[in-house]
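Subject: Structure for you to look at

Hello,

Here is the structure I said I would pass on. My notes follow below it.

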Amino acid sequence: MMRDTIRGWCLMLLVMCGFAAPAAAQSYAEGQFDPAIPTLIATVGHAPGARITSPAQAYAYLKALVAAAPDRTQLVQYATSWEGRPLYYLVLSAPANMAKLEAIRADMANIAAGRAGNGTALPVTWLAYGVHGNEISSTDAALMTAYHLLAAKDDPKAAKIMGSTIVVIDPMQNPDGRARFVNNFLASTGIAPDADRQAAEHDEPWPSGRVNHYMFDLNRDWFTLSQPETRGKVAAIREWNPVVVVDLHEMGGDETYFFSPAAQPFSPNLTPAQIRAYELIGRYNAAAFDARGEPYFTREVYDLFYPGYGDTWNAHQGAIGSTYEQGSARGLVFARRDGTELTYADGIANHFSASLATASAVADNAQRFLSDFAAYRAGNASGAAGRGTYVIDLGKRRWNAERLGRRLAAQGITVLRRDGSASVCGKSYPAGYLAVPQAQPAARLIRSLLDRDTPLPPDFLAEQERRRSVDLPHELYDVTAWAVGPMAGVDVALCNGVVGGDALAPDAPIAPKAEGSGTFAIAVPWTDSGQARLVTLALREGIDGRVTDKAFAAGGRQFPRGTVVFPAGSNTPEMMVRLTELAQDIGAQTVFLESGWVDSGPNLGSEHFVRLTLPRVAVAWDDGISQLSAGALRYVLEQRIGLPVTPIRTARLARADLSDYDVVLVPEGDPSAQLGEGGQRALRSFVQRGGVLVAVGDSLETFSSGDNPLLAVKREAALGRDPGEAGGDKGDLAEAVAITSDAEYREAIKDPAALPDTLPGALLNVVGEPDHFLSAGYDEGAVVLATGTQIFTPLGRDKGVNAVRFAAPGNLIASGYVWDENRRQMAYKPYLMAQPTGRGLVIGFAHDPSTRGFLEGLDLMIANAVLVAPSRVR
């Protein structure tokens, strides 16, 4: 241990074991360095690895490098975080290349468009660091990589990298999370770094620095584009069209270092040429780590299947996208379980080595990477990945369909739009369509996102089923389904014919749809996320509206249940004008009504219409709650639906004055310990007095246990298992049994109270109860994401209602892979349930409808539970 400690502190003192870098330099490699290039210590006051560099210090150092070497650098701000921090990338290359940078970028764009280049292009290597704010060593490694490329005077590798490639360094993809980590770390440290993994400096408080302001995992957001950090990053990458993209991370402190090749499964949308390139880059990294005597591993974990990661999304654009992982000190020094110590400087050194090795691989094989990238993009454009066209119906969840089209366009995908009635491939589209041709440079990304299903490799699946048969955990790392059409609630069909339309720009406003005439009222049909946003913003401005739980017809038009009517009689003329302005800003649909007379269904004065008021919403926040679930719910409510949310710390709920609120949200997690008996009583009292409690996912167990549960459901054990079998009244004796086969042995060692096998994540069909307001907007069902092990018994009719349930076994799976016993067990079980208690209501979602912010098709369901339910209860 002492030798490893000394080694770590040597790195902090800028002397790499086996090397003897000059004291005035700061590189983790030996050599002579230009004194005109500023060091970190001269700029911000500490040497690399001696302290954790803050976001402000990192940016100050980047600006100092640019000031010292303006002919070889360019610093570009590409985004601003939710908390107002800038995000920059740094471009580095030789002066001759920088002088014609725009021409190089233009030629790369030419190649990315599937056309022949003019010989000006150079391969672009994109090195991205710190997407998780508490994965700290990568940002300092970014700074050291930039320093080395600028300051090394006698390093032929650095010279070749600068001379034959463009390097783009994105040093900090999550500045808000990093700032949170650094602040917590500084507040916890004493006079010397503490290696004890139990020390407060290694034990981050909720929600940790991993996530951004809205507590999103930014490495799952690449195709969702929900966060400003991601939107800016994707736009920047599209401008440069890199041939290699590396995302540098950290993992548990007991691990060593991981670089590609990645683990199985690979997406079927990767090409053989890409797989060969992963091997090439991996060998460059291996040589660099072998030379330093550093251990590493490959292929064992971190697959290339889900396209929401920085590696796979970029691979689907034609780059070689990779994840690199370094064991994390989560501070300055960390005691590993094997008796050694890992320092912050160790992590910086390893990421520095991997960064330079990767850049060297591109520089040494520049023509190969350019040619492979060009062949990939041109082949896609000529139909190598398919020649059909995806057609998105604008007649179903119009606003969501329009939003989806713009998200696709923002990823460099050509989307065509046809307004008005049209017929394509034998199908009529009365409201028009969006068309996404397969034959375009981003074809494989398009297929990954718009195909209903991306199949897992058969041999990989067979191995997972074998592992499960012998009680080993499966090796699926993430969800198995992400079809963006069903997740947005829209219809996507694949057409083999030619489909025309006008190109859709990613920033094009969504056109409003105003129909009808008359001055009696304005109706807002409950059909998509834009409609929910319009209703919410109208309520925030004091505009009076009423919602129906039954469909009605008026003026020759049909209005679905959930429709909100804003009568002119209870609103001023100015309010009605403001409502139309809001609809225009959002791109929502409104229908002007001439009279309160209806052709069928309830009139405005019926008990089926209730007056909506803007609910006051609180969300349980802090320990015991999943920060990802809490953040996603808050994001969907605030940023998409427009409803303000007040976070209240979980432990405070026991003494909070909940009379100020109409809804309390409890996201996924296990809040029972933090709530305690006092918190449980407070929430029960809140519901009994007329409040709405919405519990999500695993947190349902907190409210469905005990002698008098707020939700009369139970979590189910695995199919065929009886939890009661775990007990018994035979004392220490067990029944004697004879085991005669391997199958009987496997049965004997199973946990009798086991939960269902963990579902990595699949899209499943659900069916709504047609007579309950919580399923308004879902008369044709919906697609939800189901993960984990939770399956709940249905609510009995005497207790409440299963407003939305999973479909029958044969129709359950919409996309992805589901273990057969899970499929059979989940069928007909509740997804969304409601149980009255006193004057209030408890609502439970078996799985989180806001996960990753990518299930826009469920926004109306969330709005039913949070925006509409309080008025229904009242």
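How many positive and negative side chains does the protein chain have, and how far apart do the centres of the two sets lie? There are 79 positive and 96 negative side chains, with centres 4 Å apart. Lys and Arg count as positive and Asp and Glu as negative, while His and the chain ends are not counted; a charge is placed at NZ of Lys, CZ of Arg, CG of Asp or CD of Glu.

This is a predicted model, in which local features need pLDDT of at least 70 and side-chain atom pairs count only at pLDDT 80 or more, while totals for chains, interfaces and linings use all residues. Residues are numbered from 1 along each chain as its sequence is written, and side-chain values use heavy atoms, with hydrogens and water left out.

The chain as a whole:
The protein chain holds 25 helices and 36 strands (DSSP runs numbered from the N terminus: helices are H or I with at least four residues, strands E with at least two). Of its 874 residues, 60% are buried, meaning under 20% relative accessible area with a 1.4 Å probe, protein chains only. The C-alpha atoms fill a box of roughly 85 × 75 × 55 Å along the principal axes.

One residue:
Val663 sits in strand S29, residues 663-666, and is buried, with a relative accessible area of 0%. Beyond its neighbours within four places in sequence, its contacts (heavy atoms within 4.5 Å) include Pro615, Phe686, Val694 and Pro870. Val645 is 18 residues from Val663 in sequence, and their C-alpha atoms are 9.7 Å apart.

Regards

Definitions and conventions. Buried means under 20% relative accessible area, exposed over 50%, partly exposed in between (1.4 Å probe, protein chains only).
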